Amino acid sequence: QVQLVESGGGLVQAGGSLRLSCAASGRIFSINAMGWYRQAPGEQRELVATITSSSSTNYADSVKGRFTISRDSAKNTVYLQMNSLKPEDTAVYYCKAELSPAYGHLYRYWGQGTQVTVSS
């Protein structure tokens with residue numbers, strides 16, 4: 001079973017920074033893409049940033065210029081560097097991986113989430 005474990009969340013003041021990490025483990029044949037989503041209380045889960053196996057990145061407009069997604073393919077780990085945090089960034093951040101546990105199969109997996117709280 002594939003597992004995604006997030007870390008790095010916490011409480012930070014507006015304007016501060018946090019770095020989230022997500023490590024994928026288990027039966028992994030290959031990883032096509034990894035990314036971060038977030039969900040604020042009472043809101044829908046939304047895409048924050050993604051990175052593909054070819055290192056192409058995509059960001060939500062609301063975080064462009066402030067957040068940076070990166071990966072360490074050798075460790076099956078994706079990072080999200082969050083700078084200039086705003087109270088609007090407060091949410092549970094979920095790691096997502098699109099990967100193949102075996103040849104010929106491609107599935108999406110989700111982490112359990114890590115809380116990010118940005119105070120005014």
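Tutor: Let's start at Gly8, which touches Leu18, Arg19 and Leu20 once residues up to four places away in sequence are left out (a contact means heavy atoms within 4.5 Å). Before going on, the ground rules: this is a predicted model, where local features need pLDDT of at least 70 and side-chain atom pairs count only at pLDDT 80 or more, while totals for chains, interfaces and linings use all residues. Residues are numbered from 1 along each chain as its sequence is written, and side-chain values use heavy atoms, with hydrogens and water left out.

Back to Gly8. This glycine sits in the loop between strand S1 (3-7) and strand S2 (10-13); strands are DSSP E runs of at least two residues, helices are H or I runs of at least four, and both are numbered from the N terminus.

Now move to Cys22, in strand S3. Its relative accessible area is 0%, so Cys22 is buried. Leaving out residues up to four places away, its contacts include Leu4, Val5, Met34, Trp36 and Cys95. Leu80 is 58 residues away from Cys22 in sequence, yet the C-alpha separation is 8.7 Å.

Cys22 also touches Asn76, which belongs to the loop between S7 and S8. Asn76 is partly exposed, since its relative accessibility is 23%. Its backbone deserves a glance too: phi is positive, about 50 degrees, although Asn76 is not a glycine. Most residues other than glycine have a negative phi. Ser55 is another such case, with a positive phi near 75 degrees. You'll find Ser55 in the loop between S5 and strand S6 (57-59), where a relative accessible area of 46% makes it partly exposed. From Ser55 to Ser70 is 15 residues in sequence and 8.2 Å in space, C-alpha to C-alpha.

What about the core? The largest nonpolar core has 30 residues, and Met34, Trp36, Leu80, Met82 and Tyr93 touch the most other members. Such a core is a set of buried Ala, Val, Leu, Ile, Met, Phe, Trp, Tyr and Cys residues joined through side-chain atoms within 4.5 Å. Strands that each supply at least two of its residues include S3 (18-25), S4 (30-39), S8 (77-82) and S11 (114-119). S9 gives the largest share, five residues. In soluble globular proteins, nonpolar side chains tend to be buried together.

Zooming out, the protein chain has eleven strands and zero helices. Of its 120 residues, 41% count as buried. Among contacts between residues at least 6 apart in sequence, 54% join residues at least 24 apart. The radius of gyration is 14 Å, which agrees with the value near 14 Å for a compact globule of 120 residues; that radius is taken over C-alpha atoms, and the rule is 2.2 Å times the number of residues to the power 0.38. Along the principal axes, the C-alpha atoms fill a box of roughly 45 × 25 × 25 Å.

Technical notes. Buried < 20%, exposed > 50% of the residue type's maximum accessible area, 1.4 Å probe, protein only.
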